[in-house]
Amino acid sequence: MKIDKSRLEELNQSKEWLHSGTLNGLLDNLASQNIDGQAIIEQLSKFQVAIPSWALGAGGTRFGRYNFGGEPSNLEQKIYDVGIIHSLTGSAGAISLHIPWDIPSDAQAIKELASDLDIKFDAVNSNTFQDQKGQKHSYKFGSLCNESSESRNQAVAHNIEVIKIGEQLGSKSITVWLADGSSFPGQMNFRRALDHTSDSLKRIYAEMPSDWSMFIEYKPYEPHFYHTVIQDWGTSFMLANECGDRAYTLVDLGHHLPNTNIEHIVSTLMYKGKLGGFHFNDSKYGDDDLTVGSIKPYQLFLIFNELVFGMLNNNAENPDLSWMIDASHNLKDPLEDLMESLDAILIAYAQALLVDQALLKEAQQNHDVSYCQQILQNAFRTDVRPLVRQARINNNAASNPIEAYRKLKVRKTLIDERGMDVTATGL
Ligand code: PSV
Ligand code: MN
Ligand code: MN
């Protein structure tokens, strides 16, 4: 299924009178504050976020999974789904694959299909957090950290294989997330586990092509509940430094203990040029993988404020970031959920672009605490949705993607094409 762009244009036209009124009002309001709204629209149009292959089907919890119908059951169909999201939003021009869930049977054909739909391959993800059928050595007691050199070697070899697959598709980075850890005190020796992990990561790093990057993800707990080898940004940062210049920390918003100041972590990593990527989602309690912006939109804005500051003051030459959504849920239509996440990301980015950094610096240097807060909250409380809509229109996408998705009856078409009783591979 492909989106008919002329239908999107018609839908955009039917709402044009309403949209242009609110947009012009906002542009005037911004101009009176010396803010160039058109420049913000251009930046929003360029912002592209990767869609994870595993979020395209209805997710689940360990208590149950409810089919949505029309879900993709192979890599081609997953790419078509990202193509749908990208056509409707103009901001999802990449897919992130998880191997072995997404091994292409014909890499060239997959590459051509993706290029037809204007989709690039973002970071490839390895998976040593579950045993695969016929696998020789188990990861039950760890992968890159395992006491057994056989399990470690197998996990290293898997990561190298993932890099090879990514190379065939034109990907330029690998994300390593490890479930490695222990659930009971005394079960694992902290130091040996970390030492093995460091050594294994260096071996993987050594096999990366010279234009590739490695992203090391951290997570405090789950699936293990006593200790996780790469539990926090400090451990990831240390391991990335040990590996080399092209290894970076990846921040997944859900991988923090409640109330952690994530924007502070972002600032510190960018200060050292070591922030490589981002997994967007939202959470109330843990790694809840809820729709971006659904629980803590102000936190998302504050994070973007640090990202914008970091990009403007890039002394440490932090590379362009790899942006990805890592949210997947079991109640909503997965494609609608992803489009809501994209919307929330662009809104937070636009709000952060409204912050007058020079004015904020002056207020900070004058210790004018109230004014500092006002500058941030004034930006956060501005309704920037007309800018986001215009950015989508400029990308020939839908000004209101979810409305268009429903009017074009996309889910019904997918169910007609693929059936009701299909299950996406992956989580
Ligand atoms: C783990 O919780 C994680 O956030 C990692 O990014 C994985 O690769 C992904 O979810 C899918 O399991
Ligand atoms: Mn993640
Ligand atoms: Mn996660």
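Visitor: Which domains does the domain assignment of the chain give?

Guide: Two segments make up each one. Domain 1 covers 1-122 + 281-427, and domain 2 covers 125-169 + 176-252. Keep in mind that this is a predicted model.

Visitor: What separates the centres of domain 1 and domain 2?

Guide: Taken over C-alpha atoms, the centres are 29 Å apart. The contact itself draws 14 residues from domain 1 and 13 residues from domain 2.

Visitor: Which element gives the most to the side of domain 1 that touches domain 2?

Guide: That is α5, with three residues. By class, this side of domain 1 holds seven nonpolar, four polar and three charged residues.

Visitor: How much confidence does the predictor give? What are the average pLDDT of the chain and the ipTM and pTM of the model?

Guide: The average pLDDT is 96, and 99% of the residues score at least 70. The model has ipTM 0.98 and pTM 0.97.

Visitor: Now the ligand. Why does ligand 1 lie between domain 1 and domain 2?

Guide: Look at where the shell residues come from. Both domain 1 and domain 2 contribute to the shell around ligand 1, so ligand 1 lies between them.

Visitor: Which residues are closest to ligand 1?

Guide: The shell has ten residues, and the closest are Asn125, Trp177, Asp252, Asp287 and Asp326. Sorted by class, the shell has five charged, three nonpolar and two polar residues.

Visitor: Next, a single residue. Is histidine 98 buried or exposed?

Guide: Count C-beta atoms. A residue is buried if 20 or more others lie within 10 Å of its own. Histidine 98 has 20, so it is buried. It sits in the loop between β4 (94-96) and α5 (107-116). Its C-alpha atom is 7.0 Å from that of asparagine 127, 29 residues apart along the chain.

Visitor: How do I check a helix? What should the 21 residues of α11 span?

Guide: Helix α11 (residues 334-354) should then span 30 Å; its end C-alpha atoms are 31 Å apart, which agrees. Burial is the next check. In α11, 19 of the 21 residues are buried, so the rest of the structure largely encloses this helix.

Visitor: Which residue just after α14 takes a positive phi?

Guide: Asparagine 396, at about 60 degrees.

Conventions. Residues numbered from 1 in each chain as written. Chains lettered and ligands numbered in written order. Predicted model: local features only at pLDDT ≥ 70, side-chain atom pairs only at ≥ 80, totals over all residues. Near = placed C-beta within 6 Å. Nonpolar A, V, L, I, M, F, W, Y, C, P; charged D, E, K, R; others polar. Domains from an automatic or database assignment. pLDDT = per-residue confidence, 0-100. Helix = DSSP H or I, 4+ residues; strand = E, 2+ residues; numbered from the N terminus. Buried ≥ 20, exposed ≤ 12 C-beta atoms within 10 Å, placed from the backbone. Expected span 1.5 Å × (residues − 1). Contact = placed C-beta atoms within 7 Å.
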